[in-house]
Amino acid sequence: MVITATISLPKLRTSNLSQPKLPTRGLVEELALSSATTTKTYLERQSNSPKNNTSPRLQPQANDSDPMVIAKLYAIMEAVADRVEMHKNIGEQRNNWNSLLLTSINAITLAAATMTGIAATSSISAPMMAVKTASTLMYLSATGMLLIMNKLQPSQLVEEQRNASRLFKQLLGQIHTLVSIGNPTVVDVKEAMEKVLALDRAYPLPLIGVMLEKFPSAVEPAVWWPQQRRRKMKGNNGKMDWNGWNGKLEEEMRELVGIMERKDKADYLRLAEKAVKLNKALALAGPLLTGLAAVGSAFAGSSSLGAWAAMLGVVGGALASIVNTVEHGGQVGMVFEMYRSNAGFFRLMEESVESNLNESDVGRRENGELFEMKVALQLGRSLSELRDLAASSSRKGETDEEFANKLF
């Protein structure tokens with residue numbers, strides 16, 4: 001028996017289904033269109049808000065800086081950073097010059113003195129004549145090297161590069177602060193350029209033609225800043241105030257200028273004059289002693305002047321080594337440059353204070369409270385110590401007043 005079953009399925013109704021069309025735009029175009037629509041909607045809401053009903057367009061904020069000014073300041077910062085590294089590297093190189101030349105010249109001088117003594121105690125023969133000739137040539141070469149070294153003063157060159165590197169770092173920090181929290185203008189760009197060029201003139205890198213005078217007849221403070229200009233007006237939101245200044249602060253600053261002029265700057269200039277005189281005497285004595293030693297070594301061992309010539313050759317070489325060590329090992333040129341730079345520091349502070357006090361428009365001055373704090377930090381004092389110093393100077397007079405600086 002065969003069982004058959006039939007299953008009846010419902011018939012599906014066929015209708016035209018609407019297929020979604022794939023977008024023909026690319027993904028990038030869709031994102032750009034979406035971003036533009038969102039931005040347009042946001043701008044329309046902002047323009048219709050009550051705060052912006054006064055103007056149909058978005059106005060730039062008052063503290064927005066010109067992008068070109070910012071770009072120029074960043075370019076100056078890159079140049080300043082490059083100069084910092086340049087002066088640092090050249091300073092290390094010239095420090096190596098000082099140590100290597102000092103060691104080499106002393107070694108040559110002492111070797112020549114030893115050879116002169118050996119030649120004087122031996123009989124005249126061809127080998128001893130060769131020793132005498134060699135010692136004379138060594139003394140002459142040491143004399144020529146000393147003349148060049150004393151002219152260049154490598155230790156003073158090193159101190160110049162140290163000061164330049166430190167001051168360029170300081171300028172880099174000032175520009176960075178201006179870009180970060182200030183509202184720089186074209187005037188700020190010009191002032192930054194002038195400061196960079198003034199530092200280039202104050203501490204030149206080449207040795208030929210533009211090298212600083214190492215033995216000046218008149219000692220003057222180092223100057224590494226441009227001429228003080230009139231400051232631009234500071235915004236005070238329409239309020240008339242004294243910008244942190246008052247009569248007491250002005251009198252305090254005048255007293256400090258007098259103290260720095262009479263005590264600190266004058267003392268460093270006096271020390272610089274002593275250092276340059278000592279350096280000049282040593283620079284003349286070294287080549288003179290090696291030159292006399294060369295003459296003595298040439299006549300050492302002769303019948304008439306043998307003993308005195310040998311003494312001159314040996315003692316002259318020994319004294320030349322001592323003089324050379326004191327001058328370049330003691331870095332007398334560096335000490336002179338340090339004193340000259342310190343005197344320049346106090347001159348800069350005096351000019352900065354006087355430029356603020358001479359400005360009749362208080363709004364153009366640097367903020368008084370901030371300026372007082374900067375002066376106190378530069379002198380290594382607290383604000384109370386700074387005020388006490390000015391008060392005691394006005395009471396005691398010039399004879400009993402102390403130095404303004406406590407930092408160096």
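A: **Packing of α6 against α8**

In this predicted model, helix α6 (residues 247–299) and helix α8 (residues 332–357) have axes that come within 8 Å and cross at roughly 160 degrees. Angles over 145 degrees count as roughly antiparallel, so α6 is roughly antiparallel to α8. The crossing of these two helices is left-handed. By class, the residues of the contact of α6 with α8 comprise 19 nonpolar, 3 polar and 9 charged.

The annotated spans come next. An unreviewed UniProt entry carries the annotation "transmembrane region" for residues 100–120, 126–148, 281–299 and 305–326. One of these spans, residues 281–299, is 100% helix and 0% strand in the model, and its end C-alpha atoms lie 27 Å apart. Residues 126–148 are likewise 100% helix and 0% strand, with 33 Å between the end C-alpha atoms of that span.

The largest cavity holds about 30 Å³ of space. Its lining is made up of Arg94, Leu157, Glu160, Gln161, Pro204, Pro206, Leu207, Met211 and Leu212. Helix α4 (residues 154–181) provides the largest share of that lining, with 3 residues. Sorted by class, the lining of the largest cavity consists of 6 nonpolar, 1 polar and 2 charged residues.

Notes
Residues are numbered from 1 along each chain as its sequence is written. This is a predicted model: local features need pLDDT of at least 70, side-chain atom pairs count only at pLDDT 80 or more; totals for chains, interfaces and linings use all residues. Side-chain values use heavy atoms; hydrogens and water are left out. Axes are lines fitted to C-alpha atoms, for helices over the stretch in contact, and angles run from 0 to 180 degrees between N-to-C directions. Helices (H or I, at least four residues) and strands (E, at least two) are DSSP runs, numbered from the N terminus. Angles under 35 degrees count as roughly parallel, over 145 as roughly antiparallel, 65 to 115 as roughly perpendicular and the rest as oblique. A crossing is left-handed if the near helix is turned anticlockwise from the far one by less than a right angle, and right-handed if clockwise. Ala, Val, Leu, Ile, Met, Phe, Trp, Tyr, Cys and Pro count as nonpolar, Asp, Glu, Lys and Arg as charged, and the others, Gly among them, as polar. UniProt positions are given in the numbering used here, feature names are shortened, and annotations may be inferred rather than shown by experiment. On a 1 Å grid over the protein atoms alone, a cavity is a set of points where a 1.4 Å probe fits but cannot get out, and a pocket is an open set with protein on both sides within 12 Å along at least five of seven lines; lining residues have an atom within 4 Å of a point. Grid points are joined across faces, edges and corners, and a volume is the space filled by probe spheres set on the points.
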